[in-house]
Amino acid sequence: MKFLPAILTLFLQCCNYLISHSQQINIYKYSIQDGLVNNDVLKIYQDSQGFIWICTRGGLSRYDGTRFTNYTTENGLTNDMINDIHEVAPQEFIIAQNLNGPRMFKGGRITPFSDENKVIINNFYRTGNNRLLVATDYDGILEVKGNGFQQINPASRGQANQVTIVNDSLWLVQEDQSSIQLMTPLLVPFSLKTQAFSSCAYTDSRHNTWVGTSYGLMLLAPQQYRNQRIQFLPLPSGFDLPLLRENFILDIMEDSQKNFWICTSAGLVLIRPNGKSTVFTEFHGLPASMITCISEDRQNNLWVGSPLGLAKFSLRNEVKIYSHKDGFSAYGAAFVLPITPNATRLFGINGISEFDFTTEKLSERLFKDSSIHRLYRLGKDEIALLNNHKASFYKRNNTSEEIVKFPSRYYGSVKRLGPEKFIASYDNILFSISQGVIQDTTYFSSISHIPCLEFYNKNTLLLGTFNTGIYKINLDGHSMQISDSITDILPDKHIRALFSDKENEIWIGTRYKGVIRLVEFGKGRYQIQQFGTLQGLSANFVKTINRDKIGNIWVGTMQGLDKLVPQGDGFHVFNFGKLNKIYSQILDIDFLPDNYLLAAGYPYFIYARDMQLDTLPPQVAFLTKVQTEFRTNSFPQEAHQTRLPYDKARIDFEFSVPQFINEEFIQTSYRLLGKSDTAWIHAAKSRSVSFANLKPGKYIFEVRALGFNGRWGPIASHHFIVVPPFWQEAWFVILIGLLIALGVYMLYLYRIRQLMRLQKVRNHIAADLHDEIGSNLTNISILSTLSKKNILKPQEATEFLQRISEEVSSSSQALDDIIWSVNTNHDTLDETVSRMRRYAAELFDAANIQYELQLDVKFEEQKLIMEQRRDVYLLYKESVNNILKHAEAKHVTIKISIEHQMLILDITDDGKGFTMTNESGRHGLQGMRARVDKWKGKIQIASAKNKGTSIHCRLPLVR
């Protein structure tokens, strides 16, 4: 007898193995190969945004439904063993390390916790009044206050592995591995320390407190006594299992459906509210039989930790998949028909079987003869089996069968018209059959093979053809003739399934274009809605269609099972098969009470419950990372705006949708506002996107997730700016505009000055003409008059004529000077100096005066403006004329040079000179000074009686 408990345990495990083998529960495993930081899982936690955090002996992982983001000592932790984690503010966490005290996680970065005390936290506990307690290694139970910890009772110290609230007045404290103790909320001992070797404790919704120990499960008695040992109750019948009495209990949880989950060293125990229990081990798909922790997320998925990895399965997906491994036919089943609420018939090419859902017992009746058996669905509630010259009819909720005479032939489809009256199709022929005899045969030359028939109403039959569309047959008359054709309006004429149970509505399954809804408005007017793979259907090859009691259309395809859910005037596609990993051919669909459904096909038979997941709203999409060349921002705030320089305009986004019912079912789309193309882009399985070489401007990146209900969820966005180069900035454009305006204005002023200067020159020329030529002409006129009066006096007349000649010569010289000064061809100093040389030669050679002219070689390259050139020449001319008229000089030296953009003119003579105080003359030295001052130059005149005269003049050159 001593081996009886072990035998019973082994028996229970074997039973559970068999049950799991038939049910094929969808358990999904995650390990290091999938990105988990370490396989040894210690704690599982879900934060406020829905992300799953996994505490392991090798670091911390965050799972977002697509990828694991891992944190170790390389990312800021000081110890890789993580006992627990808790969110104290949105995306701000305290990380309980096993050594070196807690750490803070905020904005994607791990930093030291602000408290200097190196508290070793074993577990967090959030009370009903929102107090956050921590059980520590050396400081007992503490309360988290702001950025530090506060002692509840300074006298209560020591090791505390866990705290559990029993009721308003008692806390259960696991002080070390060997003892537990009841205390008041002020941590004043209530009971004596009790040896229990406790590993965990849990208070359920009925206020029962369960204690897990190294030798089994214990139930705390509701009545406890002060200063006595803790009292326990015997385990209730549903919990009184050998597995729970003899194994290490590591964690306890009550889920949202009031099921109890108990983690043991030998498996995960499920105890349902009705007391029935199931044990899950590694044979069921768990990573290991030893289960260290368990948690339920807000989508009712169960997360299970073990030393060999993480596992997940959903409480929302009540789906069982059976195959030939479970004793079913390897050829699958063509039709399914319930015979009781808990049992169904399966019809296959090699036999008929019955399956009981409660006992999961399968009984088969195989076809033993070698004759051909053909199966046909006559309607929702009837299936026919044809063999030789007889037919067996099976009806819903009827365990017996009806056998009647039936003509032996291959038929595409068969429908019942009445008792022993049928209509059947073969190739392009319709047969009317009554009492086992073919009564009428109708050939349709324009119709191809007819694989399916369906009643549209009592008097109209629909013919679905192989490749020529759909036709209506009127059954009122004696002959079966086509009354209407529904062909041209169909996107696909290859018909493989027909369904109609509502007036004026037809559902059509096609070979290449999915399923088509056809609504008739009378007089041949139809409205078409098409649902194919582009609309979310699992495949375009449709094999069967049916409608459940609440109006959903179920579609079986060559690659799965889909549900079309009414939405407004149309439907949206919900991939029931994809959500539950069903990728088989679905040939027939039927329904049971309480939203259960049956689906037969190859190679699986499915028994499932529609949990109305299509009504779930979309999950929120989150931006988890924004990365540029300069920085990485995790979980960026919406108010934050990223700035990128124009020459490094690259930005990467990572986004997540924490939906764990089926991660592969997540659909997301994104767009970038600010570009010319702002259409939403389907993200496929990728959860990251990069943008590069963006033009300067303001951008908004947006991402959203598609819900099971076919609607898009809230948009997560991030604003960023690509900063333009400075020459494209507004201030620079304005500055350039102002500079251009200023330049135009300066050019305008320059032009005005030029015009004014030109006018001034013209005025000077006019004045010169008036002064020089005018006065000379006046003198000539006077002299001519005097000459006429003295015509009889030759000597006097000759004198007047001589003076007239001098005046004419002077006028010619003045006019020549004026013309020369305005000629632009004489702008160079070289031309000016040449004229100076000629003028000096004309004057001094005639007067027998020796002169020396010294010139700088730079003259050829230097240009003068007209006005300065004129003044320089007139200054020179005035100087040499004065020498000729007044100096009585024998020798004259003239030097012209250029130094530092200064014109230097030196004129020296050896004449009689003059006293500087008696400067006078018609043109005078004052006129010379005025010309020099006009150009801001300097002139020095030195002279003395009988010592000659020297003139030194310096003029800045103006270009």
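## Largest cavity

Nineteen residues, given here as 19, line the largest cavity, and those nearest its centre are F328, S329, G332, A333 and L346. Three elements, β31 (343-348), β32 (351-356) and β33 (361-366), are the ones that give two or more residues to this lining. The structure is a predicted model.

Sorted by class, the residues lining the largest cavity are 10 nonpolar, eight polar and one charged. The space inside the largest cavity comes to about 130 Å³. Counting cavities of 30 Å³ or more gives five. Rolling a probe the size of a water molecule over the atoms shows where empty space is left.

R609 belongs to strand β56, which covers residues 605-609. R609 has a relative accessibility of 29% and therefore counts as partly exposed, because that class lies between buried, under 20%, and exposed, over 50%.

## R609: surroundings

Apart from neighbours within four places in sequence, the residues in contact with R609 are E318, F576, D594, N595 and Y596. For D594, one of these contacts, there is also a polar atom pair: the backbone oxygen of D594 is 3.1 Å from a polar atom of the R609 side chain.

L598 gives a further reference point for R609: the two residues are 11 residues apart in sequence, and their C-alpha atoms are 8.8 Å apart in space.

Key: Residues are numbered from 1 along each chain as its sequence is written. This is a predicted model: local features need pLDDT of at least 70, side-chain atom pairs count only at pLDDT 80 or more; totals for chains, interfaces and linings use all residues. Side-chain values use heavy atoms; hydrogens and water are left out. Helices (H or I, at least four residues) and strands (E, at least two) are DSSP runs, numbered from the N terminus. Buried means under 20% relative accessible area, exposed over 50%, partly exposed in between (1.4 Å probe, protein chains only). Contact means heavy atoms within 4.5 Å. A polar contact is a pair of N or O atoms within 3.5 Å; within protein, one must be able to donate a hydrogen and the other to accept it, and residues adjacent in sequence count only if both atoms are side-chain atoms. On a 1 Å grid over the protein atoms alone, a cavity is a set of points where a 1.4 Å probe fits but cannot get out, and a pocket is an open set with protein on both sides within 12 Å along at least five of seven lines; lining residues have an atom within 4 Å of a point. Grid points are joined across faces, edges and corners, and a volume is the space filled by probe spheres set on the points. Ala, Val, Leu, Ile, Met, Phe, Trp, Tyr, Cys and Pro count as nonpolar, Asp, Glu, Lys and Arg as charged, and the others, Gly among them, as polar.
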